[in-house]
Amino acid sequence: MALVVTKADIRLHLLCIFFAVGSFVWGYNVGILSSVLVHPGFVEAMGHPSPSRKGVITAIYYLGTCDYFGRRYAALTGIFTVAVGNAFECGASGNGAYAMMIVGRIISGIGVGMLSTSVPLYQSEVAPAGKRGKYVVLNHVGFVAGLAAGFWVGYGVTFWNTTEHDIYVSWRFSLAVILIPCFIFGVGLPFLPETPRWLIEHDHHDEARKSLYWLREGSFTAEQIDAELSRIQEDVEQHRARNASWVVLFTDRNLFNRLWRASLLQFMAQMCGATAMKYYLPTLFEKLGLPTRVTLMAGGIESTLKIGMTVIEMFLIDRLGRRVTLTAGCVAMGLGMLIFPTSVRARGLNFSASGGAIGSIVVAQVWPVGIDTIGSNIYFFFMAVNFVCIPIIVLLYPETKGRPLEDMDLLFNKTIAGVEGEIDEHTEPVLPKNVSNLSRS
């Protein structure tokens, strides 16, 4: 059977790949900091910081965003904020260098917080249910690509050390490289369509219809597209009738159960130690007596191979399901962002990201101090955390594979009541009961 590629397929892939540039910025920040923390020019500029002070530089990173300006403009604000923070980091010098670096990290953290919520939220809202996992995983592909780029730039910078001026400038240059994808992402965002769901939430119904038809052209019939639009409208109206605000995330028992699940998932994702390990891998190997250049090359090779593994994940996640891939160690953001109802989804994702922020702060402090005191034995702590996470995921998290965002209420309410098995699997798009599935034209 011949593979048919529709206009919608091409558009969705291009949109999600472009939004992955935002995740690339996030990943690069992680990868490049690992080399900067051990760069002699940085260490000198920061006054030879202790492990705990290095931990503070790493930990100051996450804050939330809002959903009033749309997914695109939240991302645009985020990328601009990252650029401003990056300027502070690159300019850190003199007696106030450490304070300036902390300020830059805080500002960049606010920007990355915006990107880490708005980017996958956009990808999930433009993608059809049956293929949503694949498109959202492109977010993680972008992150891993940025991570690899950070390691390789850090590796290249180690050769830029002939003079004292080279040592002074090179680590700043490696940080400033991030301004290139920031510029590309920021220039392109205003020209992209807003998500149909956000447009309906803000009463732009004609624009929502145009946007959804543009996103589904060639893949679904007009009746199916209209039915999906009606499904989104019904869901938005239901939540409006309840007069729901973000406060219901804490006052409604079912929503609070989702909130703590999402927050715990993000917390576990950080406590597993994978991201923090990237920050401190050169520091650990340096303590073991290995050259910094070798550790950065190893990190670059590992991260480059990880890009391929993440692409494989992109094709498997909608086949195997989220729980299987999560248990295998895949990104936690995908499930955490999909479990909230439309009216509070962006805010719910922001609050749940706080769980990741707490985990990041804890791990960022534990890693450098642990490396300094017990060396590589710190890995046994995180090994135990990973093993503990497996039964938690299997027992507490329902499968969202193939289910549209509008079905999350039914799925999680029934799961909390202990009757998950009564819910049927859905394929994209899920139509109202009075509309039949038609063959694709």
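I began with burial: a residue is buried under 20% relative accessible area, exposed over 50%, and partly exposed in between, with a 1.4 Å probe and protein chains only. By this rule, 55% of the 441 residues of the chain count as buried.

**Entry 1. The model.** I noted that this is a predicted model, in which local features need pLDDT of at least 70, side-chain atom pairs count only at pLDDT 80 or more, and totals for chains, interfaces and linings use all residues. Residues are numbered from 1 along each chain as its sequence is written, and side-chain values use heavy atoms, with hydrogens and water left out.

**Entry 2. The whole chain.** I looked up the secondary structure, where helices (H or I, at least four residues) and strands (E, at least two) are DSSP runs numbered from the N terminus. The chain has 20 helices and zero strands. I then turned to contacts, meaning heavy atoms within 4.5 Å. Of the contacts between residues at least 6 apart in sequence, 81% join residues at least 24 apart. For the surface I used accessible areas from the Shrake-Rupley method with a 1.4 Å probe, where for residues only the protein chains shown count as cover. The chain exposes about 18,600 Å², and carbon and sulfur atoms supply 66% of that area.

**Entry 3. Helices α1 and α8.** Two packed helices are described by the angle between their axes and the distance between the axes. I took axes as lines fitted to C-alpha atoms, for helices over the stretch in contact, with angles from 0 to 180 degrees between N-to-C directions. At what angle do the axes of α1 and α8 cross? Helix α1 (residues 7–36) and helix α8 (residues 179–188) cross at roughly 145 degrees, and their axes come within 9 Å. On the α1 side, the contact is made by Phe18, Phe19, Val21, Gly22, Phe24 and Val25. On the α8 side, Pro181, Cys182, Ile184, Phe185 and Gly188 take part. I recorded the crossing as left-handed, a word used if the near helix is turned anticlockwise from the far one by less than a right angle, with right-handed used if clockwise.

**Entry 4. Salt bridges.** A salt bridge is a side-chain nitrogen of Lys or Arg within 4 Å of a carboxyl oxygen of Asp or Glu. My search of the whole structure gave five salt bridges.

I examined the bridge between glutamate 217 and arginine 11, whose closest N and O atoms are 2.8 Å apart. Glutamate 217 lies in the loop between α10 (205–216) and α11 (222–241) and arginine 11 in helix α1, so the pair ties together parts 206 residues apart in sequence. Arginine 11 is buried at 18% relative accessible area, whereas glutamate 217 is partly exposed at 31%. Lys7 also belongs here, as Lys7, Arg11 and Glu217 are linked in a network of salt bridges.

I next examined arginine 209 and aspartate 226, which form a salt bridge with the closest N and O atoms 2.9 Å apart. Arginine 209 is in helix α10 and aspartate 226 in helix α11, 17 residues apart. Arginine 209 is partly exposed at 37% relative accessibility, and aspartate 226 is partly exposed at 27%.

Arginine 216 and glutamate 228 meet in a salt bridge at 3.0 Å, N to O. Arginine 216 lies in α10 and glutamate 228 in α11, so this pair ties together parts twelve residues apart in sequence.

**Entry 5. Helix α19.** I found a nonpolar surface patch of about 630 Å² made by Phe380, Met383, Phe387, Ile390, Val394 and Leu395. Patches are made of residues with over 30% relative accessible area and no salt bridge; like charges are joined within 9 Å, and nonpolar side chains (Val, Leu, Ile, Met, Phe, Trp, Tyr) within 5 Å. Valine 394 lies in helix α19 (residues 378–396) and is partly exposed at 44% relative accessibility.

Isoleucine 392 is also placed in helix α19, and its 23% relative accessibility makes it partly exposed. Not counting residues up to four places away in sequence, isoleucine 392 touches Leu264, Met268 and Tyr397. Isoleucine 392 and arginine 261 are 131 residues apart in sequence, yet 9.9 Å apart in space, C-alpha to C-alpha.

**Entry 6. Positive phi.** Most residues other than glycine have a negative phi. Histidine 48 has a positive phi, near 50 degrees. Histidine 48 sits in the loop between α2 (40–45) and α3 (51–59) and counts as exposed at 55% relative accessibility. Aspartate 203 has a positive phi near 65 degrees. I located aspartate 203 in the loop between α9 (196–201) and α10, partly exposed at 48% relative accessible area.
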